[in-house]
Amino acid sequence: MAADVILKARHAAPVTSERRRALVGRGVRLTLLLLFVVLFLIPIYVLLVTSFKPLSEADPGQAWNLPQQWTTEAWRVAWEKLEPGLVNSVLLAVPGSLISAVLGALNGYVLAKWRFPGADLVFTLFLFGMFVPYQGVMIPLVQLMVNLGVYGGIPGLVLAHVVYGIPICTLIFRNYYVTIPDELLEASRVDGAGMLRTLWSIVLPVSGPAFAVVIIWQFTSLWNDFLFAVFLTAPTSWPTTVMLNNIAGAQTVPYSQQMAAAILASLPTMLIYILLGRFFMRGLMAGALKG
Amino acid sequence: MRRWWPGLLLVSPSIVAIAVFVYGLLGWNFKVAMTDQHDEISQGHFVGLENFTGIWDQERWGISVRHAVVFTVVFVVGALVLGWFLAFLMEKGIRGEGGFRAIYLFPMAVSFIATGVVWRWLMNSGTGERAVGLNRLLPDFLQWHWFRDPGWGMAAMAVPAIWQMSGYVMALFLAGFRGVPEELRESARVDGCTEWQVYRHIVLPYLRPVTLAALIILGHISLKVFDLIVAVSGKQIITDVPAIFMWNAVFDSHDPAKGATIAAYIVISVCVFVVPYLIWNARRRDGR
């Protein structure tokens with residue numbers, strides 16, 4: 001009985017100290033992580049509380065205070081100012097991301113499963129297009145758009161985004177299609193199906209996740225783009241980002257309205273992120289050329 | 001043998017588009033940069049590399065290059081270290097990991113134009129009695145003028161960029177950490193390695209490709225940074241970078257040759273490290 005207790009004690013001592021250390025370690029990590037959560041949320045807090053403040057309270061001196069008087073007035077005005085931009089952004093981002101996905105699927109399928117001589121070189125040359133700073137093509141692009149007669153409008157902007165989105169969309173689909181077993185395609189070939197038939201009846205039915213990743217990725221980049229929009233569009237076609245920047249840059253617009261407009265402009269992509277974050281993540285990882 | 005030409009045919013629209021819009025326009029840009037087309041009407045004549053050398057005589061160019069370098073160093077190092085640290089805190093699994101990840105990553109879903117609105121406000125330059133925004137939270141000796149600081153203002157400009165991108169780096173590193181086989185760590189421990197040695201000799205080598213990918217991504221974002229600066233400070237010279245200078249040259253000075261020259265420099269600076277990376281990647285792909 002006594003020996004039993006001693007044995008247990010001997011055994012228990014190192015275990016508890018180790019466990020305690022593990023517990024402390026976990027506590028420290030958790031505390032640090034929570035601290036970073038607070039730091040990360042600071043800008044969001046300020047955006048939110050300021051957007052609900054009346055004019056008298058919306059100044060940097062009171063940035064940290066909660067509104068004494070909550071009002072949605074700033075939101076109403078911001079909506080009115082931003083609405084044309086939001087409409088333009090929808091007209092830009094929805095067709096843009098759908099066309100991109102179709103092109104990406106075709107390219108990815110061929111580069112993964114229906115390769116031609118030099119396919120690797122083509123793929124690498126495509127990838128460079130992902131990293132090219134768009135400033136480097138902007139001046140001639142404006143000229144080209146003018147020559148094509150699409151400068152200033154939304155179709156021209158969609159065209160630019162679709163073309164410069166080809167690399168990332170191709171990459172995502174290619175990496176996805178590489179994981180489909182070759183035997184599956186072989187079987188379909190033996191059955192006499194050609195390239196398009198195989199794509200249609202074997203590959204596309206399992207492409208859902210890749211489509212989700214690409215559409216979300218492209219929608220987010222098109223929605224958030226500022227550079228192409230500012231170079232390529234005329235005032236009537238300004239998307240949300242350009243309009244928001246004009247609202248925020250004007251000295252006359254109250255801060256509460258600027259902040260409300262900033263949140264409004266971010267809502268669509270934030271909602272997508274919250275609801276479909278999983279797919280958003282995969283798009284991000286694809287950008288790192290993994291796989 | 002399977003016929004390959006239908007595949008090529010299917011991809012050909014994209015090949016043509018990339019050839020024209022990426023490579024063709026890049027070439028066109030270099031061509032404009034080598035002319036004296038300094039207004040929008042004249043045709044421009046070939047002047048060789050005159051614009052490329054001449055621009056270094058302009059004070060503003062020197063300033064904007066220095067700014068880009070300061071921004072790049074602070075941003076890349078900052079995002080890399082913070083992203084790694086967040087991943088390090090989470091790699092062994094922690095309760096609520098999904099929630100933490102979602103919060104650190106969400107700035108990626110929002111545009112710099114939108115977040116710039118609030119960052120401009122937070123980084124107010126008032127100090128002491130007039131401290132507002134972030135300075136309000138800091139003790140006096142830590143308060144500074146943020147991006148209005150004449151010497152190191154660009155370091156402040158990197159703060160919102162780090163905020164935006166470190167979650168991404170975290171996700172990359174987390175994937176890297178999770179790629180280390182647990183048996184490998186365990187056997188090193190059995191062999192008597194301390195946790196630090198395990199980290200140094202087992203985990204770190206596994207993180208190398210991820211680190212490289214993160215470096216490339218952060219670096220190329222950094223060298224062309226534009227939206228963030230526009231949103232936070234507009235066209236002020238105090239935060240001028242090549243991309244803003246180029247925008248100015250095109251829209252305000254109406255000088256295509258100058259704009260094209262700056263654009264060409266941005267492209268060259270990105271190519272210097274992206275091209276070797278892509279070639280290395282392509283070789284690695286072949287190797288497998």
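A salt bridge is taken here as a side-chain nitrogen of Lys or Arg within 4 Å of a carboxyl oxygen of Asp or Glu, and the count between chain B and chain A is zero. This is a predicted model, in which local features need pLDDT of at least 70 and side-chain atom pairs count only at pLDDT 80 or more, while totals for chains, interfaces and linings use all residues. Residues are numbered from 1 along each chain as its sequence is written, chains are lettered from A in the order in which they are written, and side-chain values use heavy atoms, with hydrogens and water left out.

Select the interface first. Here 91 residues of chain B are in contact (heavy atoms within 4.5 Å) with 91 residues of chain A. The two chains bury about 8300 Å² between them, 78% of it on carbon and sulfur atoms, where buried area is the accessible area (1.4 Å probe) that two parts lose on being put together, summed over both.

Next, select S100(A), in helix 2 (residues 73-113) of chain A, helices being DSSP runs of H or I with at least four residues. S100(A) counts as buried at 3% relative accessibility, because buried means under 20% relative accessible area (1.4 Å probe, protein chains only). S100(A) touches H161(A), V162(A), C169(A) and Q218(A), leaving aside residues up to four places away in sequence.

Then move to F52(B) and Y265(B), whose ring centres are 5.4 Å apart with planes at 65°, so the pair is edge-to-face; rings of Phe, Tyr and Trp (its six-membered ring) pair if their centres lie within 6.5 Å, and planes over 60 degrees apart count as edge-to-face, under 30 as stacked and the rest as tilted. F52(B) is buried, at 8%.

How values were computed. Helix = DSSP H or I, 4+ residues; strand = E, 2+ residues; numbered from the N terminus. Buried < 20%, exposed > 50% of the residue type's maximum accessible area, 1.4 Å probe, protein only.
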